[in-house]
Amino acid sequence: MKLLSVNLGRPQPVPYTDQAEGVTGIDKRPTDGPVRVAAPGPKGVGGSGLAGDAVCELRHHGGYDQAVYAFAREDLDDWERELDRSLANGCFGENLTTEGLDVSGALIGERWRIGPEVVLEVTSGRIPCRTFQGHLGERGWVKRFTQKGATGAYLRVIEPGEIRAGDPIEIVHRPDHAVTVAMQFRAVTTERELLPRLLVAGEALHSETLAAARKYVAGQDR
């Protein structure tokens, strides 16, 4: 398991975002040098966990629970075949493009060591949005991405440090439950009856998912 690329985005004006200034950092490109990774602060204030990476829509992206976004090269390859087009590392807006790691099958709370310093913890899957669809230019993309369910994973920063392309990835902790990224994604999108089953993952869950699951169990969101 290794890190194929570390991808950073710069603010760019586009016609397909609801961000107030009309800019997005979704078009991320691989970078060669080391990149500093640290907890960015709470959602709405903190952006990306990677130095030099732009998160422009702070209402929906960035913050502690979405500090880093990872996507498997194997899933990009699968989409290449399905869409019949080339998909470069970073083109899904991911910060980390991985090899040999089942990202969407990772457990909530699973921890990865990347290189000698950084430890990240899996929190949730990525929910597709209008900006993602506009960036790729694929009609019906939000629905297609949701149906496939290979969402990639958001991660929080447990131990900061530097990472770079080629770093090994090691799973250093796997929690004792069966709540995967893919299950969490289905529970918050198409199969809300799964929400109670997420609670075994506890505080490792993205804080918004944890709140939604508790609300559902309390009968306030049926």
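Predicted model: local features only at pLDDT ≥ 70, side-chain atom pairs only at ≥ 80, totals over all residues.
Visitor: Let's start with helix 4. Why is helix 4 called largely enclosed by the rest of the structure?

Guide: Helix 4 spans residues 181-188, and seven of its eight residues are buried, so the rest of the structure largely encloses it. The buried ones are V181, A182, M183, Q184, F185, A187 and V188.

Visitor: And what covers the buried residues of helix 4?

Guide: The cover includes strand 9 (118-125), helix 3 (141-148), strand 10 (153-159) and helix 5 (207-217).

Visitor: Now to the aromatic rings. How many aromatic pairs does a search of the whole structure find?

Guide: The search finds 10 aromatic pairs.

Visitor: What makes the pair of F92 and F145 edge-to-face?

Guide: Two values settle that. The ring centres are 6.3 Å apart, and a pair needs centres within 6.5 Å, so F92 and F145 qualify as a pair. Their planes stand at 65 degrees, and because an angle over 60 counts as edge-to-face, that is the label this pair gets.

Visitor: Why do you say that this pair ties together separate parts of the chain?

Guide: F92 sits in the loop between helix 1 (73-83) and strand 7 (96-99), while F145 belongs to helix 3, so the pair joins parts that are 53 residues apart in sequence.

Visitor: How do you know whether F92 and F145 are buried or exposed?

Guide: Buried means under 20% relative accessible area. F92 has 0%, so F92 is buried, and F145 is also at 0%, so F145 counts as buried too.

Visitor: Which residues do ring pairs link into a cluster?

Guide: The cluster consists of Y69, F71, W79, F92, F132, W141, F145 and Y154.

Visitor: What makes you say that a charge sits over the ring of F132?

Guide: The charged end of R126 is 3.7 Å from the centre of that ring and sits over it. The distance part of the test asks for within 6 Å.

Visitor: Why is C56 given one label for accessibility and C129 another?

Guide: At 17%, C56 falls under the 20% limit, so C56 counts as buried. C129 has 23%, which lies between the 20% and 50% limits, so C129 counts as partly exposed.

Visitor: What is the volume of the largest pocket, and which residues are closest to its centre?

Guide: The volume is about 800 Å³. There are 41 lining residues, and those closest to the centre are H60, H61, Q66, I127 and Y154. Strand 3 (23-24), strand 6 (68-72), strand 9, helix 2 (130-136), helix 4 and helix 5 each supply at least two residues of the lining.

Visitor: Why is D84 called exposed?

Guide: Exposed means over 50%, and D84 has a relative accessible area of 70%, so the label applies.

Visitor: Why is I114 called buried, and what is I114 in contact with?

Guide: I114 lies in strand 8 (residues 111-114). Its relative accessible area is 0%, so I114 is buried. Leaving aside neighbours within four places in sequence, I114 is in contact with L3, L96, L120, I163, D167, P168 and I169.

Visitor: How do you know that S5 is buried?

Guide: S5, in strand 1 (residues 2-9), has 4% relative accessibility, so S5 counts as buried. Its contacts, leaving aside neighbours within four places in sequence, are P30, N89, N95, L96, T97 and A165.

How values were computed
Residues numbered from 1 in each chain as written. Heavy atoms only, no water. Buried < 20%, exposed > 50% of the residue type's maximum accessible area, 1.4 Å probe, protein only. Helix = DSSP H or I, 4+ residues; strand = E, 2+ residues; numbered from the N terminus. Contact = heavy atoms within 4.5 Å. Phe/Tyr/Trp six-rings, centres within 6.5 Å; stacked < 30°, edge-to-face > 60°. Lys NZ or Arg CZ within 6 Å of the ring centre and 35° of its normal. 1 Å grid on protein atoms, 1.4 Å probe; cavity = no way out; pocket = protein on both sides within 12 Å on 5 of 7 lines; lining within 4 Å. Points joined across faces, edges and corners; volume = space filled by probe spheres on them.
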